[in-house]
Amino acid sequence: MVRIVEADAEIYPLEKKEDICTHIERCGRTCYKSENMITNETAVPFINGILKSGHESVIEHANVIFTMPNISENRRILTMRDIRGLNISVERDSLTGEDAIVVSGNMRAFRDLARKYDIQDFLLLIGNPLFFIKQDASRAFDGIKLESVQTSRFSELHNYITTHSVCDLGAYKDITRHRLASFSIESTRYCNYAKGKFGSELTMIEPCNIEKGTEMYAEWLKCMNMIEESYMKMAALGGKGDQLRMLLPHSIKADMIMSANITEWKHIFSLRCHQAAHPSVRLIMKKMLNAFYRQWPDFFAEQYREFI
């Protein structure tokens with residue numbers, strides 16, 4: 001008998017640079033459902049393995065915000081906006097009353113900047129050798145200051161939010177179409193649900209657009225149980241995860257980590273909280289919008305009023 005759970009969403013906070021590695025590990029282990037392996041010593045070897053494999057999407061969930069004086073020798077950074085995940089603007093600093101060049105982005109973006117333009121300044125200021133491209137490098141810019149991680153006093157372009165959601169496969173297929181965000185998702189290839197670690201059962205998301213207690217719901221549930229039965233039979237015959245997942249329906253539950261800046265989040269909400277969006281997508285996005293509004297009402301008040 002399949003297990004049925006409700007869709008849900010929460011914010012994964014990151015408040016200081018010292019927590020970057022543990023935050024990345026927490027996000028990355030979602031893919032393999034190996035969160036139970038996390039200890040105080042596992043973050044660095046986990047990330048080191050990720051970096052060696054070349055799969056750097058996981059490190060996109062940690063974002064850092066920098067400022068530097070708006071002077072001629074620093075304006076060269078404005079020509080480097082082609083790095084995906086890097087945001088650069090000139091903004092008035094509310095603390096100094098002067099214009100500053102604000103540079104923010106995820107850890108992968110700063111590594112790409114170092115690889116393409118030999119700009120090592122930002123990684124060196126973050127100070128974790130695990131992410132360095134070059135250990136020894138001269139500074140390319142003057143007066144760079146590391147302001148914060150994830151959130152800042154600057155515009156929505158330089159404020160980032162990471163979320164964890166429990167949703168169905170159909171929902172995350174729609175959500176991952178948004179290219180200016182980063183994703184890490186429970187892998188139906190590496191996760192073999194026939195194993196005891198997963199209770200030897202499939203977990204489905206309660207459908208929000210099929211009324212419980214109706215004949216249609218009974219037919220849906222019958223189908224889900226038949227899929228589970230076939231999944232377990234194929235596993236008993238020696239089927240591997242990449243074979244077994246060919247059976248899985250859109251209703252299968254998946255954990256999804258998603259990171260984006262507030263500019264992109266607002267764009268996503270305008271599309272995915274709208275009535276034209278699929279009900280399961282709209283459900284999870286409204287949960288996120290509600291949580292965001294409680295924490296950052298100034299940024300999300302307009303969309304909260306429109307959709308909640």
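Reply: A term to start with: contact means heavy atoms within 4.5 Å. This is a predicted model, where local features need pLDDT of at least 70 and side-chain atom pairs count only at pLDDT 80 or more, while totals for chains, interfaces and linings use all residues. Residues are numbered from 1 along each chain as its sequence is written, and side-chain values use heavy atoms, with hydrogens and water left out.

Me: OK, which residues is Ser-165 in contact with, leaving aside its neighbours within four places in sequence?
Reply: Asp-8, Ala-9, Ala-254, Asp-255, Met-256, Ile-284 and Met-288.

Me: And is Ser-165 buried or exposed?
Reply: Ser-165 is buried, at 0% relative accessibility. Buried means under 20% relative accessible area, exposed means over 50%, and partly exposed is in between, with a 1.4 Å probe and protein chains only.

Me: Which strand is Ser-165 in?
Reply: Strand E7, residues 160–168. Strands (E, at least two residues) and helices (H or I, at least four) are DSSP runs, numbered from the N terminus.

Me: What is the strand order in the open sheet?
Reply: E2-E7-E10-E8, four strands with antiparallel pairing. Two strands pair if DSSP finds at least two bridges between them. Strands E2 (8–11) and E8 (182–185) are at the edges with a single partner strand each, so one side of each has no neighbour in the sheet.

Me: How many bridges do E8 and E10 have?
Reply: Four, in the antiparallel sense, and E10 covers residues 253–261. Ser-184 has Ile-257 in E10 as its bridge partner.

Me: New topic. How many aromatic pairs are there?
Reply: The whole structure has 15. Rings of Phe, Tyr and Trp (its six-membered ring) pair if their centres lie within 6.5 Å; planes under 30 degrees apart are stacked, over 60 edge-to-face, and the rest tilted. Trp-265 and Phe-292 are an edge-to-face pair, 4.9 Å centre to centre with 90° between the planes.

Me: Where do Trp-265 and Phe-292 lie?
Reply: Trp-265 is in helix H8 (residues 262–272) and Phe-292 in helix H9 (residues 279–295), so the pair ties together parts 27 residues apart in sequence. Trp-265 is buried at 0% relative accessibility, and Phe-292 is also buried, with a relative accessible area of 0%.

Me: Which aromatic cluster is Trp-265 part of?
Reply: One formed by Trp-265, Phe-269, Phe-292, Trp-296 and Phe-300.

Me: Last one: how much of the chain is buried?
Reply: Buried residues make up 52% of the 308 residues.
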